[in-house]
Amino acid sequence: MKRRQFSLACGTAMVAGSVVCAPALAQGDQPKAGTDYHLVEQRAAVDAPAGKIEVVEFFWYSCGHCNAFEPTLEAWIKRVPKDVVVRRVPVAFQDSFAPQQRLYYVLEAMGLVDKLHGKVFAAIHVDKLKLDRPELISEWVAKQGVDKTKFMEHYNSFSVATKVRKATELQNAYRVEGVPALGVAGRFYTDGALAKNMDRALMVVEFLIAGVRSGR
């Protein structure tokens, strides 16, 4: 979803949250800078240790495109080489996104991403829950068997606030135009609009990973 579209209830222009796909380029056509991906003008910060290649997925829980992309991304993560580290970064195109940013980082802090990340998408896009305010989020997590008091302690903590701030800084460093989007090694950015669809965006990412690995 583009920045200018997020206010359209993340779905008027979508069909059941699906991603509209265009045909991939002919086999053998290599992705091109400025067309299929952008170079990041000033390198963005990376968290991956030395010798690892970081891939960042920028997402928003309330975005139908992100919901549609999640199973594909999850399957892709399971087969990436050992020198690739994937991390998710929740975006904030405006202040109202912050509660869902905090939600993700609390799940991360409590070791609940594997258990509940996908369920958050389902709650919003299948069960049609808003989950856009702290009280709604805390009620939902409590129903998932999470200690509500501990959750809110993390939610209001300095460490989570710091992660939210850094997430927004990273989003701006990559100049994220819409979600879902992908950043590679602090140097490259692509999304569904550039690559024509998110399946192909992953192909572009694989091309960029190979380039980073070979020193290009």
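# Questions on a predicted model

Mentor: In this predicted model, phenylalanine 58 stands opposite valine 89, a residue of strand 3.

Trainee: How many bridges join strand 2 to strand 3, and how do the two strands run?

Mentor: Strand 3 covers residues 84–90, and valine 89 in it stands opposite phenylalanine 58. The two strands run parallel, and the number of bridges that join them is seven.

Trainee: Which residues point one way from strand 2, and which point the other way?

Mentor: In a regular strand the side chains alternate between the two faces of the sheet. In strand 2, Glu54, Val56 and Phe58 point one way, whereas the residues that point the other way are Ile53, Val55, Glu57 and Phe59.

Trainee: How many of the residues of strand 2 are buried?

Mentor: The residues pointing one way from strand 2 and those pointing the other way are all buried. Strand 2, residues 53–59, is therefore largely enclosed by the rest of the structure, and the count of buried residues is seven of the seven.

Trainee: Are helix 1 and helix 3 parallel or oblique to each other?

Mentor: Two packed helices are described by the angle between their axes and the distance between the axes. For helix 1 (residues 64–79) and helix 3 (residues 113–125), the axes come within 10 Å and cross at roughly 140 degrees. The crossing is left-handed, and the two helices are therefore, relative to each other, oblique.

Trainee: Are helix 2 and helix 5 roughly parallel or roughly perpendicular to each other?

Mentor: The axes of helix 2 (residues 98–109) and helix 5 (residues 148–155) come within 9 Å and cross at roughly 115 degrees. The crossing of this pair is right-handed, and helix 2 and helix 5 are therefore roughly perpendicular.

Trainee: Which residues of helix 5 make the contact with helix 2?

Mentor: Helix 2 contributes Pro99, Arg102, Leu103, Val106 and Ala109 to this contact. By class, the contact of helix 2 with helix 5 has six nonpolar, one polar and one charged residues. Those that helix 5 contributes are Phe151, His154 and Tyr155.

Trainee: Which residue does a cis peptide bond join to valine 179?

Mentor: Omega of this bond is about 0 degrees.

Trainee: Does alanine 185 count as buried or exposed?

Mentor: Alanine 185 is found in the loop between strand 4 and strand 5 (188–191), and its phi is near 55 degrees, a positive value in a residue other than glycine. Its relative accessibility is 17%, so alanine 185 counts as buried.

Trainee: What is the relative accessibility of lysine 196?

Mentor: Lysine 196 has its place in the loop between helix 7 (192–195) and helix 8 (198–213), with a positive phi near 90 degrees in a residue other than glycine. Lysine 196 counts as partly exposed because its relative accessibility is 37%.

Terms used
Residues numbered from 1 in each chain as written. Predicted model: local features only at pLDDT ≥ 70, side-chain atom pairs only at ≥ 80, totals over all residues. Heavy atoms only, no water. Axes fitted to C-alpha atoms, helices over the stretch in contact; angles between N-to-C directions. Helix = DSSP H or I, 4+ residues; strand = E, 2+ residues; numbered from the N terminus. Parallel < 35°, antiparallel > 145°, perpendicular 65-115°, else oblique. Left-handed = near helix turned anticlockwise from the far one by under 90°. Contact = heavy atoms within 4.5 Å. Nonpolar A, V, L, I, M, F, W, Y, C, P; charged D, E, K, R; others polar. Buried < 20%, exposed > 50% of the residue type's maximum accessible area, 1.4 Å probe, protein only. Pairing = 2+ DSSP bridges.
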